Structure formats: structure tokens, C-alpha cells
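Here is a colleague's note to read beside the model. Please keep the sequence and the structure in view while going through the points.

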Amino acid sequence: MIKRSREAKSSNLNSQSYASSSWCLNELVEILKCKETAGQIVMTIFYKVDPSDVRKQIGKFGEAFKKTCEGRRTQAEIQSWS
């Protein structure tokens, strides 16, 4: 998927459980890197989640994010997701 993200215009789907997957969060970091370095257009789609919950890391999205971050991630990785 990272290769596909680098080669194409990207879209990103955020749902309530998106933040429960470190793999998804790492993919998002790669997508955003491609946006910055290659000038790709990124379209974010929010599915059954309020965009402000994602931005502020609150609600069900925030709960999932906190669980993913707890005890098994480095601060650098967590910072890259924020």
C-alpha cells in the first residue's frame, strides 16, 4: 500500500476505529509524507466519525487512539501520528 500511496493521488478514509490500528496510522504518516514531498493531493473521507473528533482526538476515535498509543509505542511514533 505504501508503494501505491507514493505512485498515485491519495485518498484517506477515517472511521471511528481507524485509530485502533497502528498499521493504518503508519500508512497515514506515509501518505502525508508523499503529500509534502511529491505535492500529491490527499482527499480525506470521514466515515461515521466527526472530523473534529479526529482533529482533537476525542470521542470514540480519541479512545481508540489512546489505546493504540498505550505502553507499546515510542514517543517519536506517537508524535508522528498526532
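The points below go from the overall layout to single residues.

1. Overall layout. This is a predicted model, and every value in this note is computed from it. The protein has five helices and two strands.

2. Burial and surface. The protein has 82 residues, and 35% of them count as buried. Its accessible surface is about 5700 Å². Carbon and sulfur atoms make up 53% of that surface.

3. Contacts along the chain. Take the contacts in the protein between residues with a separation of 6 or more: 68% of these join residues 24 or more positions apart. A student can look for such contacts by picking a residue and checking which parts of the chain lie beside it.

4. The aromatic pair. How many aromatic pairs does a search of the whole structure find? The search finds one. The pair is made of Phe65 and Trp81, whose ring centres are 6.3 Å apart. Their planes stand at 70°, and planes over 60 degrees apart count as edge-to-face, so this pair is edge-to-face.

5. What the pair joins. Phe65 belongs to helix α4 (residues 59-69), while Trp81 belongs to helix α5 (residues 75-81). The pair therefore ties together parts that are 16 residues apart in sequence.

6. Cysteines. The structure holds zero disulfides. Cys34 is buried, at 8% relative accessibility. Cys69 is also buried, with a relative accessible area of 12%.

7. A nonpolar surface patch. Which residues form the nonpolar patch on the surface? They are Leu13, Met43, Ile45 and Tyr47, and together they have about 420 Å² of accessible area. Strand β2 (residues 42-47) supplies the largest share of the patch, three residues. Leu13 sits in strand β1 (residues 10-15). With a relative accessibility of 47%, Leu13 counts as partly exposed, because that class lies between the buried limit of 20% and the exposed limit of 50%.

8. Ser52 and its contacts. Ser52 is part of helix α3 (residues 51-56). Its relative accessibility is 18%, so Ser52 counts as buried. If neighbours within four places in sequence are set aside, Ser52 is in contact with Gln57 and Ile58.

9. Gln57. Gln57 is not a glycine, yet it has a positive phi of about 55°. Gln57 lies in the loop between α3 and α4. With a relative accessible area of 23%, Gln57 is partly exposed.

10. Lys48. Where is Lys48 found? It is in the loop between β2 and α3. Lys48 also has a positive phi of about 55° without being a glycine. Its relative accessible area is 60%, so Lys48 counts as exposed, the class for values over 50%.

Definitions and conventions:
Residues numbered from 1 in each chain as written. Predicted model: local features only at pLDDT ≥ 70, side-chain atom pairs only at ≥ 80, totals over all residues. Heavy atoms only, no water. Disulfide = S-S within 2.5 Å. Buried < 20%, exposed > 50% of the residue type's maximum accessible area, 1.4 Å probe, protein only. Phe/Tyr/Trp six-rings, centres within 6.5 Å; stacked < 30°, edge-to-face > 60°. Helix = DSSP H or I, 4+ residues; strand = E, 2+ residues; numbered from the N terminus. Patch = residues over 30% accessible without salt bridge, like charges linked within 9 Å, V, L, I, M, F, W, Y side chains within 5 Å. Areas by Shrake-Rupley, 256 points an atom, 1.4 Å probe, with all protein chains shown as cover. Salt bridge = Lys/Arg side-chain N within 4 Å of Asp/Glu carboxyl O. Contact = heavy atoms within 4.5 Å.
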